[in-house]
Amino acid sequence: MSRLALIYARVSSERQATEGHGLDAQEHRCRAYAESKGYEVEKVFRDSFSGGGDFMNRPAMSALLGHADKHAHRDYVVLFDDLKRLSRDTAFYMKLKDEFRVRGIKLESPNFVMDDSDEGSFVQQILVGAAELERKQNRRQVIQKQKARLERGYWSFCPPTGYKFEKHPEHGKILVPISPEAELIKMALEGYASDKLYDQVAVRNFLKINNFRNGRPVHMSLVRRLLTETLYAGHIEYTAWEIARRKGLHQEIVSI
């Protein structure tokens, strides 16, 4: 009887899932490898989720380990495309290897020979450590770019309610108001400022009566965000990165 194989594929973003190195390509390479080794692929587990390093935060990895526990009598080999798919964090990689080891599961890859000797384990730690460094460098570069955009007056994160991003020939991606949400936010904020809407509950009721966001629930947490978001006044600030309040380059909804 041929040995049973479980395939694990992972990408850390939805964009990567649709590109050539995405989930389908990983599965294809692992299936071809399984066929060359005479393995029978029993199930495929696919993650489009980084998990922040902790493999137990990934739904498919958690499901794979649970599947192995449910069928503990079966002799499994887990196939993966690259060490980066298992982890880009050295500490979590070693913990994950222990999870497989205690279950008697062998790890194999079409792109890497898994050697459990002391030297082989050392090489694996070096490769995963290099991937961890790359991950941290990429994150640092993204933050530096976002911070530079904020300092120049451009919002760098998800648009708040009432705005969307549009491409501009001069400014690149910039916030623009959405109708009718922006008009209702303007009326709500100016009504609150003038005491026509005398408290936050009155603001919420105004938005509900006017079918704000197509009638979706208006929670008090949303009202508080609307009343404290400086972007609506055409300004930008981000205290977590020490970005003091400054005039933004997007269109304001109300005056400062």
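**Close-up 1. E108 is found in strand β4 (residues 106–108).** Strands (E, at least two residues) and helices (H or I, at least four) are DSSP runs, numbered from the N terminus. The model is predicted: local features need pLDDT of at least 70, side-chain atom pairs count only at pLDDT 80 or more, and totals for chains, interfaces and linings use all residues. Numbering starts from 1 along each chain as its sequence is written, and side-chain values use heavy atoms, with hydrogens and water left out. E108 has a relative accessible area of 6%, so this residue is buried (under 20%; exposed is over 50%, partly exposed in between; 1.4 Å probe, protein chains only). Its side chain makes a polar contact with the side chain of Y33, at 2.5 Å. A polar contact is a pair of N or O atoms within 3.5 Å; within protein, one must be able to donate a hydrogen and the other to accept it, and residues adjacent in sequence count only if both atoms are side-chain atoms. Neighbours within four places in sequence aside, E108 is in contact with residues including K37, Y39, F80 and M114 (heavy atoms within 4.5 Å).

**Close-up 2. Strands β5 and β6 form a hairpin.** Three residues lie between the two strands. β5 covers residues 163–168 and β6 covers residues 172–177. The strands pair in the antiparallel sense over six bridges (pairing needs at least two DSSP bridges). K164 stands opposite V176 in β6.

**Close-up 3. I126 lies in helix α6.** The helix spans residues 118–151. I126 counts as partly exposed because its relative accessibility is 45%.
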